[in-house]
Amino acid sequence: MTALNATIIGAGIVGMSAAAFLQRSGYKVTVIDRVPPGEGCSFGNAGGLAFAEIVPTIHPRMLTKIPGWLMDPLGPLTIRWSYLPKALPWLMALGRNAMPDRVKAITDARAALALRVVSDFETLLQEAGARDLIRYQDTLRIYDNETQFLADAGERAAKNAYGYETKRLSGGEVRELEPAIGPNVHCGAFHGGWYFVTSPERVVKTIAAEVVKNGGTILADDVVSLERDGSKVTHVTLKANGRLAVDRLVICAGAYSHLLAKQLGEKVLLEAERGYHMVLPNSGVSLSRSITYARTPGAATPMEMGLRLAGTDEFAGLDAAPNYARADALWTNFKNILPGLREPDSATTRWMGRRPGTPDSLPVIGPSKTTSNVWYGFGHGHMGLTWGPSTGRLIAELMTGAKSNIDLSPFRADRF
Ligand SMILES: Cc1cc2nc3c(=O)[nH]c(=O)nc-3n(C[C@H](O)[C@H](O)[C@H](O)COP(=O)(O)OP(=O)(O)OC[C@H]3O[C@@H](n4cnc5c(N)ncnc54)[C@H](O)[C@@H]3O)c2cc1C
C-alpha cells in the first residue's frame with residue numbers, strides 16, 4: 001500500500017508536532033519552512049507548559065487595566081499607533097470575546113485542549129530520549145500587595161473549578177521555595193498545572209530530528225503561493241525550488257498563516273502579538289521553576305542557556321523593527337523581586353517573536369472550509385508551546401478519521 005503524503009508548512013512546535021503525529025499514523029511527511037525547525041516564534045518563548053492557563057488571555061478584569069498599560073510605551077501591552085487602523089477589526093473582536101458568556105465558552109474550550117498536553121508532549125519527547133527537557137515543577141506567581149493578589153481571585157476560582165490547585169503563600173513561604181526572591185514581596189500563589197521546558201528550541205529540534213530519522217523530509221524554502229484546481233490545492237510554489245506537488249496540505253505557519261488561508265478564500269483574524277525575551281547566562285539568580293510576577297505579565301524561567309525573562313505584547317504588525325527596550329523593561333521589572341539579578345552583560349541576548357494571536361484566545365484546528373485537502377493548525381497565541389503537541393495529535397486524528405477526545409467546533413476556521 002502506498003503511504004499517504006502530507007506537506008506541512010511551518011516547522012515550529014505546531015508544524016513539527018503535526019508532522020510527528022501524522023508520521024505515527026502512517027503518513028509520509030514533508031515539512032517546509034524558510035527557517036530551520038524551532039527558529040520562528042517557538043524559539044524564544046518562556047518555556048511554560050502552562051496547561052492550567054484556561055482563562056483567556058484577555059478577560060473582563062484585564063480590560064480595565066488595558067488603558068493604563070497603553071499609556072506606558074514599555075508596559076506589558078502596547079500598540080504602535082500607526083498600526084492601530086490595521087489592528088482595529090481584531091481588537092473589536094477581542095472586545096466581543098471579553099464578554100462573560102464568551103469567556104465561559106472559551107475557558108471550557110481551553111480546558112478541553114489542556115487535557116492531554118503532558119501526555120502528548122511526553123509521547124513526542126520520549127521516543128527521542130529527551131523527556132528530561134520537561135521539568136515537572138509547578139509555577140509561583142508573585143505579588144507586591146494585597147490588591148494585586150485579590151485581583152487574581154476570579155482566575156484562581158476558575159482554575160480550581162477545573163481541578164487545578166492554587167494556594168496562597170506568605171512571603172516567607174515563597175522564599176523557602178525560591179530563596180532568590182527578595183524580602184519585599186507581599187505574598188505569592190502556587191499554581192498547579194504549569195510545568196516548564198529547559199529549551200523550547202531544543203524541544204522542536206528534537207522532534208524534527210526524530211521526524212527525519214523516521215523518513216520525513218524538511219525542506220528549507222519559502223512558500224510563495226498555493227495553486228488550486230477546483231476544491232483542492234495541487235501544488236505549492238516555493239521561492240527557491242519551484243512548484244511542488246501536494247497530496248494533503250497542513251498549514252501551521254504561525255503568525256503568517258492567515259496570509260496562506262486568504263489565498264484559499266478564508267478570512268481568519270490573526271495578529272502578530274509580538275513578545276520579547278532577554279536571556280542572561282550570568283544572571284546571578286538560581287530558580288528551580290518558572291515564576292510569574294503580577295505587576296506586569298511575564299515569566300522568569302531557568303533554562304539551559306541561562307535565566308530567560310520573557311513576555312510583553314506589542315501590536316505593530318509582522319514586519320516592524322523590534323524595539324529591544326521592551327526586553328530591557330523585562331529586566332527592570334524582574335529586578336523588583338529578584339534583587340540578586342545581575343546587570344545584562346556581553347553574553348546577554350535579546351529576542352522578539354511573533355505570537356500567532358486570535359481575538360478569542362483559541363487556536364484554529366481543523367479542516368479548511370473551502371479546500372478539501374487542507375487542514376489548519378495555527379493561532380495558538382500565548383499558548384503554542386503548551387498546546388502544540390496536542391494540536392499535532394488532533395490534526396493527525398482529523399486527517400485519519402480517528403475520533404478525537406474533545407469537541408473541536410470551538411476551533412473551526414470559519415468562526416471569525
Ligand atoms: C515572549 C513569548 C513568550 C511565550 N511564552 C510561552 C509559554 O511560556 N508557553 C507557551 O505555551 N507559549 C508561549 N509563547 C507562545 C508560543 O511561543 C507560540 O504560540 C508558538 O511558538 C507558536 O508556534 P507555531 O508553530 O504556531 O509558530 P512558529 O514557531 O512561528 O512556526 C511557524 C513557522 O512557519 C514558518 N512560515 C510561515 N510562513 C511561511 C511560508 N510562507 N513559507 C515557509 N515557512 C513559513 C515560519 O518561518 C515559522 O518557522 C510565547 C511567545 C512569546 C513571543
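Helices here are DSSP runs of H or I with at least four residues, numbered from the N terminus. The model is predicted.

Start with the ligand. Its shell holds 42 residues, and Gly-12, Gly-40, Gly-254, Gly-275 and Gly-384 come nearest. Helix 12 gives the most to this shell, with four residues. Helix 12 spans 384-400. Other elements supply at least two residues each, among them helix 1 (13-24), strand 2 (28-33) and strand 15 (271-280). By class, the shell has 19 nonpolar, 19 polar and four charged residues. Two domains take part: domain 1 (5-42 + 202-269 + 361-415) and domain 2 (54-104 + 137-188 + 270-357) each provide at least three residues.

Now follow helix 12 to another partner. Its axis comes within 8 Å of the axis of helix 5 (residues 117-127), and the two cross at roughly 75°. Angles of 65 to 115 degrees count as roughly perpendicular. Helix 5 and helix 12 are therefore roughly perpendicular to each other. On the helix 5 side, Val-117, Asp-120, Phe-121 and Leu-124 make the contact. Helix 12 answers with Thr-386, Trp-387, Pro-389, Ser-390 and Arg-393. This contact has five nonpolar, two polar and two charged residues.

Key: Residues numbered from 1 in each chain as written. Predicted model: local features only at pLDDT ≥ 70, side-chain atom pairs only at ≥ 80, totals over all residues. Near = placed C-beta within 6 Å. Nonpolar A, V, L, I, M, F, W, Y, C, P; charged D, E, K, R; others polar. Domains from an automatic or database assignment. Axes fitted to C-alpha atoms, helices over the stretch in contact; angles between N-to-C directions. Parallel < 35°, antiparallel > 145°, perpendicular 65-115°, else oblique. Contact = placed C-beta atoms within 7 Å.
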